[in-house]
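Here is a short briefing to read alongside the model.

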Amino acid sequence: KGELRMQSLTFDDASMYQCIAENMHGIIYANAELKIVASPPTFEFNPMKKKILAAKGGRVIIECKPKAAPKPKFSWSKGTELLVNGSRIRIWDDGSLEIINVTKLDEGRYTCFAENNRGKANSTGVLEMTEATRITLAPLNVDVTVGENATMQCIASHDPTLDLTFIWSLNGFVIDFEKEHDHYERNVMV
């Protein structure tokens with residue numbers, strides 16, 4: 001198939017490689033450079049978020065995405081407690097930390113540790129819990145005669161420290177109230 005496979009690469013394998021394809025009608029060449037990348041983990045370009053919000057009773061994923069080669073091994077701590085996979089907590093292969101059924105006790109400082117054969121690094125963020133957003137009055141089915149107007153209501157409760165935005169959609173497509181102002185009108189009640 002014209003394939004070149006290399007295993008257990010070392011820095012000595014870094015070079016320009018050339019593929020030559022030849023038949024009775026001629027010969028063609030293609031070049032490619034192989035770079036060997038090796039670096040200790042660093043959070044310089046992608047640190048953890050300093051503040052992570054999670055809804056009470058919900059699910060949160062805290063990302064840990066350092067630059068590193070080869071891929072690092074990940075571990076997490078909450079304060080001084082080392083975290084392990086359990087019924088509510090899971091450390092993903094990509095380094096992310098998932099917590100389900102979030103409670104007030106989950107609030108605190110979370111640190112992601114990344115380590116490979118070149119070195120190690122860590123990054124920390126604070127998880128804060130918010131009240132979950134809930135729809136308290138859902139839109140009801142409405143029967144109207146063609147040509148008449150229809151009004152649908154949606155009311156929600158939310159954490160007072162956060163902003164709330166209502167997004168309406170029709171058959172899975174978000175309604176653009178600016179473009180479709182002749183047909184739809186949004187009334188916001190405070």
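Domain bounds here come from an automatic or database domain assignment. On that basis, the protein has domain 1 (40-130) and domain 2 (132-189), and the C-alpha centres of domain 1 and domain 2 lie 36 Å apart. Please keep in mind that this is a predicted model, in which local features need pLDDT of at least 70 and side-chain atom pairs count only at pLDDT 80 or more, while totals for chains, interfaces and linings use all residues. Residues are numbered from 1 along each chain as its sequence is written, and side-chain values use heavy atoms, with hydrogens and water left out.

**A cis peptide bond**

- Alanine 69 and proline 70 are joined by a cis peptide bond, with omega at about 0°.
- You will find proline 70 in the loop between strand S6 (67-69) and strand S7 (73-78); strands (E, at least two residues) are DSSP runs, numbered from the N terminus.

- Serine 8 is a residue other than glycine with a positive phi, near 50°.
- Look for serine 8 in the segment before strand S1 (15-23).
- Serine 8 counts as exposed because its relative accessibility is 71%, where exposed means over 50% relative accessible area (1.4 Å probe, protein chains only).
- Asparagine 171, also not a glycine, has a positive phi near 55°.
- The loop between strand S15 (169-170) and strand S16 (173-174) holds asparagine 171.
- With a relative accessible area of 72%, asparagine 171 is exposed.

Terms used: Helices (H or I, at least four residues) and strands (E, at least two) are DSSP runs, numbered from the N terminus. Buried means under 20% relative accessible area, exposed over 50%, partly exposed in between (1.4 Å probe, protein chains only).
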